[in-house]
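Please keep the sequence and the model in view while reading.

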Amino acid sequence: MENKVVCYYCGTIYDSQEEKCPLCGGKAVASEEESYRPVQRQRITDQERKQRRREASKGGGKFAASNKKEDEEKAEPKSNSTKAMLIAALVFLSLAVVIVTWFIGDMIGWWGGIEDTVDRDSEVTQVELENEECTLLEVSHNQIRLDGIGQTAELKVTVNASCRKEIEITFPSANIVTSVSDSASEVNEDRKTDTWVLTAVADGTTQMSFSCGDLSAVCDIIVGENTQPSSSQNADSETEETNETDEPSESEEPAQPDEDFEPELNFEGDISLYQRGETVPLRVMNLPSGAKVTWTSSDITVAKVDDNGMLTAVNGGTATVTAEVYGKKVEILVRCPFDRSGDIGAHLEYTDVTIGVGESFNLYLLDNDGYRITDVTYEVSEEGICSIDDGEVTGLVGGDYITITVIYNTEKFECVVRVRW
(Lines give C-alpha, C1' and ligand atoms only; values in the text may rest on other atoms or scores of the structure.)
Protein backbone atom coordinates (compact mmCIF):
# COMPACT_ATOMS: atom_id res chain seq x y z
CA MET A 1 0.00 0.00 0.00
CA GLU A 2 1.42 3.31 -0.98
CA ASN A 3 2.00 5.86 1.75
CA LYS A 4 -0.62 8.55 1.27
CA VAL A 5 -1.33 11.70 3.25
CA VAL A 6 -4.36 13.92 3.54
CA CYS A 7 -4.09 17.73 3.10
CA TYR A 8 -5.15 19.43 6.29
CA TYR A 9 -6.72 22.36 4.44
CA CYS A 10 -8.48 20.98 1.41
CA GLY A 11 -8.60 17.18 2.21
CA THR A 12 -6.78 16.17 -0.96
CA ILE A 13 -5.02 12.79 -0.73
CA TYR A 14 -1.56 12.82 -2.31
CA ASP A 15 1.72 10.91 -2.07
CA SER A 16 3.67 11.64 1.11
CA GLN A 17 6.85 12.15 -0.85
CA GLU A 18 5.47 15.36 -2.34
CA GLU A 19 6.38 18.50 -0.34
CA LYS A 20 2.99 20.20 -0.64
CA CYS A 21 -0.52 19.66 -1.70
CA PRO A 22 -0.79 19.70 -5.50
CA LEU A 23 -4.19 21.40 -5.25
CA CYS A 24 -3.91 24.20 -2.67
CA GLY A 25 -0.17 24.31 -2.08
CA GLY A 26 -0.55 23.75 1.68
CA LYS A 27 2.14 21.86 3.56
CA ALA A 28 0.25 20.95 6.72
CA VAL A 29 -0.97 17.36 6.78
CA ALA A 30 -3.15 15.36 9.11
CA SER A 31 -1.55 13.24 11.82
CA GLU A 32 -0.46 9.72 11.02
CA GLU A 33 -3.53 8.27 12.70
CA GLU A 34 -5.84 10.55 10.89
CA SER A 35 -4.16 9.80 7.60
CA TYR A 36 -5.62 6.31 7.61
CA ARG A 37 -9.08 7.49 8.47
CA PRO A 38 -11.61 7.69 5.79
CA VAL A 39 -11.50 11.13 4.35
CA GLN A 40 -14.68 13.11 4.19
CA ARG A 41 -13.95 15.25 1.27
CA GLN A 42 -15.77 18.49 0.99
CA ARG A 43 -17.82 18.80 -2.07
CA ILE A 44 -16.69 21.71 -4.19
CA THR A 45 -17.94 22.93 -7.46
CA ASP A 46 -15.94 22.74 -10.64
CA GLN A 47 -15.57 26.51 -10.61
CA GLU A 48 -14.04 26.51 -7.09
CA ARG A 49 -11.70 23.69 -8.08
CA LYS A 50 -10.48 25.62 -11.11
CA GLN A 51 -9.96 28.68 -8.96
CA ARG A 52 -7.87 26.71 -6.43
CA ARG A 53 -5.72 25.22 -9.18
CA ARG A 54 -5.21 28.64 -10.74
CA GLU A 55 -4.04 30.06 -7.45
CA ALA A 56 -1.75 27.08 -6.83
CA SER A 57 -0.17 27.37 -10.30
CA LYS A 58 0.49 31.15 -9.84
CA GLY A 59 2.77 30.78 -6.89
CA GLY A 60 2.07 28.67 -3.97
CA GLY A 61 -1.61 28.73 -3.35
CA LYS A 62 -3.17 30.24 -0.31
CA PHE A 63 -0.02 30.85 1.69
CA ALA A 64 1.93 32.06 -1.29
CA ALA A 65 -0.75 34.67 -1.97
CA SER A 66 -0.65 35.64 1.66
CA ASN A 67 3.13 36.08 1.57
CA LYS A 68 2.91 38.18 -1.60
CA LYS A 69 0.37 40.46 0.01
CA GLU A 70 2.65 40.96 3.04
CA ASP A 71 5.59 41.86 0.76
CA GLU A 72 3.44 44.39 -1.07
CA GLU A 73 2.36 45.96 2.23
CA LYS A 74 6.01 46.23 3.32
CA ALA A 75 7.07 47.80 0.01
CA GLU A 76 4.18 50.29 -0.05
CA PRO A 77 5.65 52.74 2.56
CA LYS A 78 8.97 52.82 0.72
CA SER A 79 7.22 53.49 -2.58
CA ASN A 80 5.16 56.33 -1.06
CA SER A 81 8.33 57.96 0.38
CA THR A 82 10.05 57.87 -3.02
CA LYS A 83 7.03 59.45 -4.70
CA ALA A 84 6.96 62.27 -2.11
CA MET A 85 10.66 63.00 -2.68
CA LEU A 86 10.18 63.11 -6.43
CA ILE A 87 7.23 65.49 -6.11
CA ALA A 88 9.20 67.81 -3.77
CA ALA A 89 12.18 67.85 -6.15
CA LEU A 90 9.89 68.65 -9.07
CA VAL A 91 8.27 71.56 -7.18
CA PHE A 92 11.66 72.98 -6.14
CA LEU A 93 12.99 72.75 -9.69
CA SER A 94 9.89 74.51 -11.04
CA LEU A 95 10.28 77.38 -8.55
CA ALA A 96 13.96 77.76 -9.44
CA VAL A 97 13.13 77.98 -13.14
CA VAL A 98 10.45 80.63 -12.48
CA ILE A 99 12.78 82.77 -10.31
CA VAL A 100 15.70 82.62 -12.75
CA THR A 101 13.41 83.45 -15.68
CA TRP A 102 11.99 86.46 -13.79
CA PHE A 103 15.42 87.90 -12.97
CA ILE A 104 16.69 87.42 -16.54
CA GLY A 105 13.59 89.07 -17.94
CA ASP A 106 13.96 91.99 -15.53
CA MET A 107 17.59 92.56 -16.53
CA ILE A 108 16.92 92.57 -20.29
CA GLY A 109 13.72 94.59 -19.94
CA TRP A 110 11.00 92.06 -20.73
CA TRP A 111 8.94 93.48 -17.88
CA GLY A 112 9.23 96.17 -15.22
CA GLY A 113 11.18 95.46 -12.05
CA ILE A 114 10.37 96.16 -8.43
CA GLU A 115 11.73 99.69 -8.65
CA ASP A 116 9.32 100.48 -11.52
CA THR A 117 6.40 99.28 -9.43
CA VAL A 118 7.50 101.43 -6.49
CA ASP A 119 7.92 104.48 -8.75
CA ARG A 120 4.47 104.03 -10.23
CA ASP A 121 2.84 103.60 -6.87
CA SER A 122 4.65 106.49 -5.17
CA GLU A 123 3.34 109.99 -5.45
CA VAL A 124 5.57 112.31 -7.51
CA THR A 125 5.95 115.82 -6.16
CA GLN A 126 7.67 118.43 -8.30
CA VAL A 127 9.52 121.12 -6.39
CA GLU A 128 9.94 124.46 -8.06
CA LEU A 129 13.54 125.52 -7.43
CA GLU A 130 13.90 128.38 -9.89
CA ASN A 131 14.40 131.87 -8.44
CA GLU A 132 14.32 130.76 -4.81
CA GLU A 133 15.33 133.61 -2.51
CA CYS A 134 18.73 133.77 -0.78
CA THR A 135 18.17 133.43 2.97
CA LEU A 136 21.78 132.66 3.97
CA LEU A 137 25.07 134.23 2.87
CA GLU A 138 28.22 133.93 4.95
CA VAL A 139 32.00 133.71 4.53
CA SER A 140 34.36 131.49 6.49
CA HIS A 141 36.66 134.44 7.39
CA ASN A 142 35.97 138.13 7.81
CA GLN A 143 39.71 138.82 7.61
CA ILE A 144 42.61 136.86 6.08
CA ARG A 145 46.30 137.73 6.54
CA LEU A 146 48.97 136.46 4.13
CA ASP A 147 52.47 137.13 5.47
CA GLY A 148 54.50 136.55 2.32
CA ILE A 149 54.35 136.56 -1.46
CA GLY A 150 53.07 133.24 -2.83
CA GLN A 151 51.29 132.26 0.40
CA THR A 152 47.77 130.92 -0.09
CA ALA A 153 44.58 130.71 1.96
CA GLU A 154 41.06 129.37 1.43
CA LEU A 155 37.91 131.48 1.66
CA LYS A 156 34.60 129.59 1.73
CA VAL A 157 31.31 131.21 0.75
CA THR A 158 28.06 129.53 1.82
CA VAL A 159 24.45 130.12 0.71
CA ASN A 160 21.26 128.15 1.30
CA ALA A 161 20.96 125.19 -1.06
CA SER A 162 17.58 126.32 -2.41
CA CYS A 163 18.96 129.69 -3.54
CA ARG A 164 18.80 130.19 -7.29
CA LYS A 165 19.76 133.86 -7.29
CA GLU A 166 23.02 134.92 -8.90
CA ILE A 167 25.81 135.74 -6.45
CA GLU A 168 27.56 138.98 -7.35
CA ILE A 169 31.28 138.96 -6.53
CA THR A 170 33.63 141.91 -6.20
CA PHE A 171 37.07 140.43 -6.70
CA PRO A 172 40.14 141.63 -4.82
CA SER A 173 42.79 143.74 -6.51
CA ALA A 174 44.83 141.51 -8.82
CA ASN A 175 47.85 143.66 -7.96
CA ILE A 176 47.74 142.30 -4.40
CA VAL A 177 46.09 138.87 -4.45
CA THR A 178 44.72 136.44 -7.03
CA SER A 179 41.49 134.48 -6.46
CA VAL A 180 40.59 131.18 -8.14
CA SER A 181 37.73 128.72 -7.59
CA ASP A 182 38.44 125.46 -9.43
CA SER A 183 36.59 122.93 -7.26
CA ALA A 184 32.92 122.01 -7.59
CA SER A 185 30.40 123.32 -5.08
CA GLU A 186 29.86 121.27 -1.92
CA VAL A 187 26.11 120.70 -1.52
CA ASN A 188 24.34 119.10 1.44
CA GLU A 189 20.71 119.12 2.54
CA ASP A 190 20.44 122.85 3.30
CA ARG A 191 23.74 124.52 2.27
CA LYS A 192 25.89 125.07 -0.81
CA THR A 193 29.53 126.09 -0.38
CA ASP A 194 32.11 127.40 -2.87
CA THR A 195 35.82 127.52 -2.03
CA TRP A 196 38.11 130.28 -3.30
CA VAL A 197 41.92 129.98 -3.16
CA LEU A 198 43.66 133.32 -2.52
CA THR A 199 47.34 133.76 -3.45
CA ALA A 200 49.43 136.77 -2.36
CA VAL A 201 51.39 138.55 -5.12
CA ALA A 202 52.31 141.85 -3.40
CA ASP A 203 52.02 143.62 -0.05
CA GLY A 204 48.87 145.61 0.57
CA THR A 205 45.24 145.39 1.65
CA THR A 206 42.17 144.58 -0.40
CA GLN A 207 38.70 143.08 -0.06
CA MET A 208 36.60 140.33 -1.60
CA SER A 209 32.84 140.86 -1.28
CA PHE A 210 29.78 138.80 -2.11
CA SER A 211 26.13 139.83 -2.46
CA CYS A 212 22.97 137.87 -3.20
CA GLY A 213 19.56 139.48 -3.02
CA ASP A 214 19.47 141.65 0.09
CA LEU A 215 22.38 139.83 1.77
CA SER A 216 26.10 140.61 1.56
CA ALA A 217 29.40 139.49 3.11
CA VAL A 218 32.93 140.94 3.00
CA CYS A 219 36.39 139.53 3.71
CA ASP A 220 39.37 141.86 4.30
CA ILE A 221 42.63 140.52 2.83
CA ILE A 222 45.97 141.75 4.22
CA VAL A 223 49.26 140.84 2.54
CA GLY A 224 52.60 141.49 4.25
CA GLU A 225 53.86 141.14 7.80
CA ASN A 226 54.09 144.90 8.34
CA THR A 227 50.88 145.80 6.52
CA GLN A 228 48.27 147.33 8.81
CA PRO A 229 44.58 146.54 8.19
CA SER A 230 42.20 149.33 7.37
CA SER A 231 38.55 148.47 7.95
CA SER A 232 37.35 151.55 6.10
CA GLN A 233 39.05 150.58 2.83
CA ASN A 234 37.18 148.99 0.00
CA ALA A 235 38.45 147.46 -3.22
CA ASP A 236 38.14 150.71 -5.24
CA SER A 237 39.94 152.91 -2.73
CA GLU A 238 42.70 150.33 -2.39
CA THR A 239 43.29 150.44 -6.15
CA GLU A 240 43.48 154.23 -6.05
CA GLU A 241 45.96 154.18 -3.16
CA THR A 242 48.09 151.60 -4.96
CA ASN A 243 48.23 153.82 -8.03
CA GLU A 244 49.11 156.77 -5.86
CA THR A 245 51.96 154.78 -4.36
CA ASP A 246 53.29 153.79 -7.78
CA GLU A 247 53.12 157.37 -9.08
CA PRO A 248 54.46 160.23 -6.93
CA SER A 249 52.23 163.22 -6.46
CA GLU A 250 53.06 166.39 -8.27
CA SER A 251 53.66 168.26 -5.02
CA GLU A 252 56.23 165.74 -3.77
CA GLU A 253 59.71 165.26 -5.18
CA PRO A 254 60.62 161.69 -5.97
CA ALA A 255 63.04 160.25 -3.47
CA GLN A 256 66.46 159.35 -4.85
CA PRO A 257 67.74 155.85 -4.07
CA ASP A 258 71.16 155.24 -2.65
CA GLU A 259 74.00 154.10 -4.83
CA ASP A 260 73.66 150.48 -3.69
CA PHE A 261 70.04 150.17 -4.83
CA GLU A 262 69.35 147.32 -7.25
CA PRO A 263 65.75 146.51 -8.27
CA GLU A 264 64.53 143.00 -7.39
CA LEU A 265 61.55 141.21 -8.98
CA ASN A 266 59.07 138.90 -7.29
CA PHE A 267 60.28 136.13 -9.67
CA GLU A 268 63.87 134.98 -10.15
CA GLY A 269 65.51 133.63 -13.28
CA ASP A 270 62.69 132.94 -15.70
CA ILE A 271 58.94 132.36 -15.78
CA SER A 272 56.78 130.10 -17.99
CA LEU A 273 53.24 130.75 -19.25
CA TYR A 274 51.58 127.65 -20.65
CA GLN A 275 48.47 129.02 -22.35
CA ARG A 276 47.61 132.00 -24.49
CA GLY A 277 46.08 134.80 -22.45
CA GLU A 278 47.55 133.56 -19.15
CA THR A 279 48.56 136.48 -16.90
CA VAL A 280 51.04 136.90 -14.04
CA PRO A 281 51.65 140.12 -12.05
CA LEU A 282 55.28 141.27 -11.90
CA ARG A 283 56.47 143.51 -9.03
CA VAL A 284 59.64 145.25 -7.95
CA MET A 285 59.89 144.05 -4.37
CA ASN A 286 62.27 146.72 -3.02
CA LEU A 287 60.70 149.68 -4.81
CA PRO A 288 61.51 152.97 -2.99
CA SER A 289 58.59 155.10 -1.93
CA GLY A 290 57.47 157.38 -4.78
CA ALA A 291 59.56 155.59 -7.41
CA LYS A 292 58.11 154.72 -10.79
CA VAL A 293 58.72 151.49 -12.72
CA THR A 294 59.01 151.37 -16.49
CA TRP A 295 58.10 147.99 -18.01
CA THR A 296 59.14 146.82 -21.50
CA SER A 297 59.04 143.55 -23.46
CA SER A 298 61.58 142.53 -26.09
CA ASP A 299 58.87 140.83 -28.19
CA ILE A 300 55.26 141.87 -27.65
CA THR A 301 54.10 139.19 -30.11
CA VAL A 302 55.20 136.59 -27.54
CA ALA A 303 54.55 138.33 -24.20
CA LYS A 304 53.36 141.81 -23.33
CA VAL A 305 53.47 143.76 -20.06
CA ASP A 306 51.41 146.80 -19.08
CA ASP A 307 52.40 149.84 -16.99
CA ASN A 308 51.38 148.06 -13.79
CA GLY A 309 53.60 145.03 -14.47
CA MET A 310 50.80 142.65 -15.55
CA LEU A 311 52.45 140.07 -17.83
CA THR A 312 50.30 138.36 -20.53
CA ALA A 313 51.19 135.46 -22.85
CA VAL A 314 50.43 136.22 -26.51
CA ASN A 315 52.02 133.47 -28.62
CA GLY A 316 54.53 130.67 -28.35
CA GLY A 317 58.16 131.64 -28.01
CA THR A 318 60.46 133.51 -25.61
CA ALA A 319 60.79 137.17 -24.68
CA THR A 320 62.68 139.28 -22.15
CA VAL A 321 60.74 141.61 -19.86
CA THR A 322 62.66 144.52 -18.31
CA ALA A 323 61.78 146.64 -15.25
CA GLU A 324 63.66 149.97 -15.01
CA VAL A 325 63.79 152.08 -11.84
CA TYR A 326 65.92 155.23 -11.65
CA GLY A 327 67.93 154.06 -14.65
CA LYS A 328 68.69 150.68 -13.10
CA LYS A 329 67.27 147.58 -14.81
CA VAL A 330 66.32 144.06 -13.88
CA GLU A 331 65.30 141.45 -16.46
CA ILE A 332 63.34 138.21 -16.50
CA LEU A 333 63.09 135.67 -19.29
CA VAL A 334 59.50 134.74 -20.24
CA ARG A 335 58.89 131.37 -21.88
CA CYS A 336 55.63 130.50 -23.68
CA PRO A 337 56.02 126.77 -24.56
CA PHE A 338 53.02 126.38 -26.86
CA ASP A 339 52.39 126.54 -30.59
CA ARG A 340 52.01 130.02 -32.05
CA SER A 341 48.77 128.84 -33.64
CA GLY A 342 47.32 128.72 -30.15
CA ASP A 343 46.87 124.94 -30.09
CA ILE A 344 47.58 124.07 -26.46
CA GLY A 345 45.69 120.76 -26.45
CA ALA A 346 42.73 122.25 -24.61
CA HIS A 347 39.68 120.05 -24.12
CA LEU A 348 36.33 120.12 -22.32
CA GLU A 349 35.84 118.00 -19.24
CA TYR A 350 32.45 116.83 -20.64
CA THR A 351 31.04 116.77 -24.19
CA ASP A 352 27.61 115.14 -23.62
CA VAL A 353 25.76 115.47 -20.30
CA THR A 354 22.22 114.63 -19.12
CA ILE A 355 20.90 116.42 -16.01
CA GLY A 356 17.57 116.99 -14.31
CA VAL A 357 15.77 120.25 -13.62
CA GLY A 358 17.60 121.95 -10.76
CA GLU A 359 20.70 119.76 -11.11
CA SER A 360 24.12 121.28 -11.92
CA PHE A 361 27.58 120.35 -13.16
CA ASN A 362 30.80 122.26 -13.89
CA LEU A 363 31.75 122.65 -17.56
CA TYR A 364 35.47 123.53 -17.52
CA LEU A 365 38.01 123.89 -20.32
CA LEU A 366 41.24 122.13 -19.32
CA ASP A 367 44.78 122.27 -20.68
CA ASN A 368 47.12 119.34 -21.30
CA ASP A 369 48.08 119.20 -17.63
CA GLY A 370 44.47 119.15 -16.44
CA TYR A 371 44.40 122.73 -15.17
CA ARG A 372 41.36 124.89 -15.75
CA ILE A 373 41.54 127.65 -18.36
CA THR A 374 39.51 130.55 -16.96
CA ASP A 375 39.81 133.11 -19.76
CA VAL A 376 36.87 131.68 -21.75
CA THR A 377 33.39 132.73 -22.83
CA TYR A 378 30.23 130.61 -23.03
CA GLU A 379 27.50 130.61 -25.68
CA VAL A 380 24.24 128.58 -25.70
CA SER A 381 22.19 127.54 -28.71
CA GLU A 382 18.90 128.37 -26.96
CA GLU A 383 18.20 130.55 -23.93
CA GLY A 384 16.06 129.42 -21.01
CA ILE A 385 16.96 125.70 -21.02
CA CYS A 386 20.08 126.03 -18.85
CA SER A 387 21.84 128.76 -16.91
CA ILE A 388 25.64 129.20 -16.86
CA ASP A 389 27.50 130.92 -14.01
CA ASP A 390 31.31 130.79 -14.07
CA GLY A 391 31.22 127.39 -15.74
CA GLU A 392 28.44 125.95 -13.55
CA VAL A 393 25.58 124.70 -15.76
CA THR A 394 22.13 124.31 -14.14
CA GLY A 395 19.06 122.76 -15.78
CA LEU A 396 15.99 125.05 -15.86
CA VAL A 397 13.44 123.44 -18.22
CA GLY A 398 13.18 119.74 -18.99
CA GLY A 399 12.36 117.85 -22.15
CA ASP A 400 14.86 119.48 -24.51
CA TYR A 401 18.60 119.81 -25.15
CA ILE A 402 21.00 122.60 -26.07
CA THR A 403 24.58 122.99 -27.27
CA ILE A 404 26.97 124.99 -25.11
CA THR A 405 29.98 126.44 -26.93
CA VAL A 406 33.10 127.33 -24.94
CA ILE A 407 35.27 129.88 -26.75
CA TYR A 408 38.97 130.31 -25.95
CA ASN A 409 40.71 132.87 -28.17
CA THR A 410 39.61 131.70 -31.65
CA GLU A 411 39.03 128.06 -30.73
CA LYS A 412 35.56 126.65 -30.00
CA PHE A 413 34.58 123.58 -27.97
CA GLU A 414 31.04 122.18 -27.83
CA CYS A 415 29.08 120.21 -25.22
CA VAL A 416 25.56 118.82 -25.68
CA VAL A 417 23.41 119.20 -22.54
CA ARG A 418 20.11 117.28 -22.20
CA VAL A 419 17.66 118.33 -19.51
CA ARG A 420 15.06 115.84 -18.26
CA TRP A 421 12.10 116.48 -15.96
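## A nonpolar surface patch

Which residues form a nonpolar patch on the surface? The patch consists of Val-100, Ile-104, Met-107, Ile-108 and Trp-110, with about 570 Å² of accessible area together. Patches are built from residues with over 30% relative accessible area and no salt bridge; like charges are joined within 9 Å, and nonpolar side chains (Val, Leu, Ile, Met, Phe, Trp, Tyr) within 5 Å. Accessible areas come from the Shrake-Rupley method with a 1.4 Å probe, and for residues only the protein chains shown count as cover.

Val-100 belongs to helix α3, residues 61-107. Helices (H or I, at least four residues) and strands (E, at least two) are DSSP runs numbered from the N terminus. With a relative accessible area of 48%, Val-100 is partly exposed; buried means under 20%, exposed over 50%, and partly exposed in between (1.4 Å probe, protein chains only).

## Basis of the model

The model is predicted: local features need pLDDT of at least 70, side-chain atom pairs count only at pLDDT 80 or more, and totals for chains, interfaces and linings use all residues. Residues are numbered from 1 along each chain as its sequence is written, and side-chain values use heavy atoms, with hydrogens and water left out.

## Nonpolar cores

A nonpolar core is a set of buried Ala, Val, Leu, Ile, Met, Phe, Trp, Tyr and Cys residues joined through side-chain atoms within 4.5 Å. The largest such core has 24 residues, and those with the most contacts inside it are Trp-295, Leu-311, Val-321 and Val-334. Strands β15 (303-305), β16 (310-313), β17 and β18 (328-336) each contribute at least two residues to this core. A second, separate core comprises 22 residues, including Leu-137, Val-157, Val-159 and Trp-196.

Beyond four places away in sequence, Trp-295 touches several residues, among them Leu-265, Leu-282, Val-305 and Val-321; contact means heavy atoms within 4.5 Å. Thr-318 lies in strand β17, residues 317-325, and is partly exposed at 47% relative accessibility. Leaving out residues up to four places away, Thr-318 touches Val-302, Leu-333, Val-334 and Arg-335. The C-alpha atoms of Thr-318 and Cys-336 are separated by 6.0 Å, although these residues are 18 apart along the chain.

## Cysteines

How many disulfides are there? The count is zero, where a disulfide is a pair of cysteine sulfur atoms within 2.5 Å. The cysteine sulfur closest to that of Cys-163 is in Cys-212, at 3.6 Å, which is too far for a bond. Cys-163 is buried at 3% relative accessibility, and Cys-21 is buried at 2%.

## Salt bridges

The structure holds five salt bridges, each defined by a side-chain nitrogen of Lys or Arg within 4 Å of a carboxyl oxygen of Asp or Glu. One of them joins Arg-191 and Glu-138, whose closest N and O atoms are 2.8 Å apart. This pair links distant parts of the chain, as Arg-191 is in strand β9 (residues 191-200) and Glu-138 is in strand β3 (residues 137-139), 53 residues apart. Arg-191 is partly exposed at 33%, and Glu-138 is partly exposed at 30%.

Arg-418 and Asp-352 also form a salt bridge, at 2.5 Å from N to O. Arg-418 lies in strand β28 (residues 411-420) and Asp-352 in strand β20 (residues 352-356), so the pair ties together parts 66 residues apart in sequence. Another salt bridge connects Glu-359 with Arg-420, at 3.9 Å between the closest N and O atoms. Glu-359 lies in the loop between β20 and β21 (360-362), whereas Arg-420 is in strand β28, 61 residues apart.
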